[in-house]
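Welcome! Let's take a friendly look at how charged side chains pair up in a protein model.

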Amino acid sequence: MGIRRAKTLVTRRSRVAKHAFYPFIKYHLVSEKIAKEKGSNKLETKTKRRPIAYAAHADSHIYAYYAFTIGRKYEEAIKTRGIDDAVLAFRSLGKSNIEFARDAFADILLRGDCDVVGLDVSAFFDELDHEILKQKWIGLLGENKLPEDHYRVFRSITHWSCVDRDAVYKAFGISANNPKAGRHRICLPEQFREKVRNGGLIKTNEEGKGIPQGSPISALLSNLYMIDFDAEIRQFVSGLGGRYYRYCDDILLIVPPGCKGDALAFLKDKITTLKLIVHPKKTTEHEFRTKGTQLLADRPLQYLGFLFDGRQAIIRSAALARYSERMKRAVRLAKKTQLKRNSLKHKQGASPKPLYKRRLYAKFSHLGRRNFVTYGLRAAKILNSRAIRTQLKPLWGRLEEEIKG
């Protein structure tokens with residue numbers, strides 16, 4: 001779909017109100033989480049599966065356009081309510097999680113003695129109540145009910161249907177390893193009806209809660225869902241003399257000494273009105289106190305991928321362990337590929353080729369542009385942390401050792 005056709009589609013409200021949305025294509029983003037085993041210092045690897053859904057091409061244009069138009073009203077609303085500096089995620093603020101972490105740590109340092117509470121909301125996107133979301137949407141628009149076009153978008157993102165990506169690929173003989181080979185779309189409308197709809201591949205969300213992660217409008221709607229909550233928590237915490245930050249489902253409260261209990265109790269009470277639950281295992285309480293000329297924490301604060309103890313910020317050890325595992329796995333795969341390639345060359349009487357190192361260096365060293373090491377170096381600079389540089393220093397040697405081993 002070209003720009004002109006897309007513009008015509010999204011700006012004609014009557015067309016959007018009658019638009020037939022395709023099911024989302026759903027898959028799971030698999031990541032590994034490395035943590036210490038309970039009762040020991042041994043590291044264990046846990047696999048985490050996060051559901052991701054992406055929309056059909058025309059549907060994505062509609063979601064993106066409505067996210068833009070609703071987003072402008074949302075930005076106006078949070079500025080009017082004085083919470084625009086508390087909501088950090090999914091907004092065009094020109095900052096990354098590194099800058100957000102830096103600002104929070106600087107706030108703690110400036111205050112000196114203070115209490116801090118860090119917590120997560122359980123299964124955030126999966127638990128968003130549809131009726132509550134609808135009322136927030138109506139309130140933002142200043143209407144008595146959703147206009148027909150907005151209701152169509154709302155309905156598609158709440159009463160959403162999906163198909164499993166691998167099942168669709170199998171139905172149409174598409175390679176999972178190279179799905180874009182020789183095609184511009186998965187199927188034609190008539191093929192969709194025959195093999196997907198009639199094939200029973202479509203599943204619909206009937207639970208009255210949850211929106212798909214991955215659509216162009218989902219992130220904005222998650223912020224809209226929390227707008228009144230953000231205002232209430234911000235007002236309460238400010239009344240205590242503290243600060244409130246929310247990065248998606250990651251919440252941070254910085255309050256004067258002795259106030260963390262009241263702040264946490266108020267937050268838990270208010271979040272139940274949204275039919276959400278605070279993750280009990282991811283709620284941490286910290287006390288920062290001045291001792292001599294230093295600010296020390298009774299336990300390091302974990303926030304947006306960093307640990308802060310009052311003196312310095314460092315990268316989480318789990319992130320370093322995850323980097324090492326990925327690096328070792330990539331080197332092993334590169335060596336297997338080299339062995340297979342040279343075995344064929346030997347049979348052909350050709351000279352063997354050395355290990356391809358360029359891609360390994362690009363992914364796992366400072367020679368690359370966007371990888372864990374360059375991210376860490378950027379974090380060290382922004383957070384002014386020598387400790388992070390110390391953490392990163394051995395990684396080059398480990399990579400070289402793995403390549404030579």
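## A first pair

Which side chains meet in a salt bridge at 3.1 Å, N to O? They are those of Arg13 and Asp149. A salt bridge here is a side-chain nitrogen of Lys or Arg within 4 Å of a carboxyl oxygen of Asp or Glu. By this rule, the count comes to 21 salt bridges.

## Where the numbers come from

This is a predicted model, in which local features need pLDDT of at least 70 and side-chain atom pairs count only at pLDDT 80 or more, while totals for chains, interfaces and linings use all residues. Residues are numbered from 1 along each chain as its sequence is written, and side-chain values use heavy atoms, leaving out hydrogens and water.

## Two links across the chain

Back to the salt bridge between Arg13 and Asp149. Arg13 sits in helix α2 (residues 13–17) and Asp149 in helix α7 (residues 148–158), 136 residues apart. Helices (H or I, at least four residues) and strands (E, at least two) are DSSP runs, numbered from the N terminus. Asp149 is buried at 4% relative accessible area, whereas Arg13 is partly exposed at 49%. Buried means under 20% relative accessible area, exposed over 50%, and partly exposed in between (1.4 Å probe, protein chains only).

Asp115 and Arg289 also form a salt bridge, at 3.0 Å from N to O. Asp115 belongs to strand β3 (residues 114–120) and Arg289 to strand β8 (residues 284–291), so this pair ties together parts 174 residues apart in sequence. Asp115 is buried, at 0%, while Arg289 is partly exposed, at 24%.

## Neighbours and a network

Arg165 pairs with Asp166, their closest N and O atoms being 3.8 Å apart. Elsewhere, salt bridges that share partners join Asp85, Asp107, Arg111, Arg234 and Arg243 into one network.
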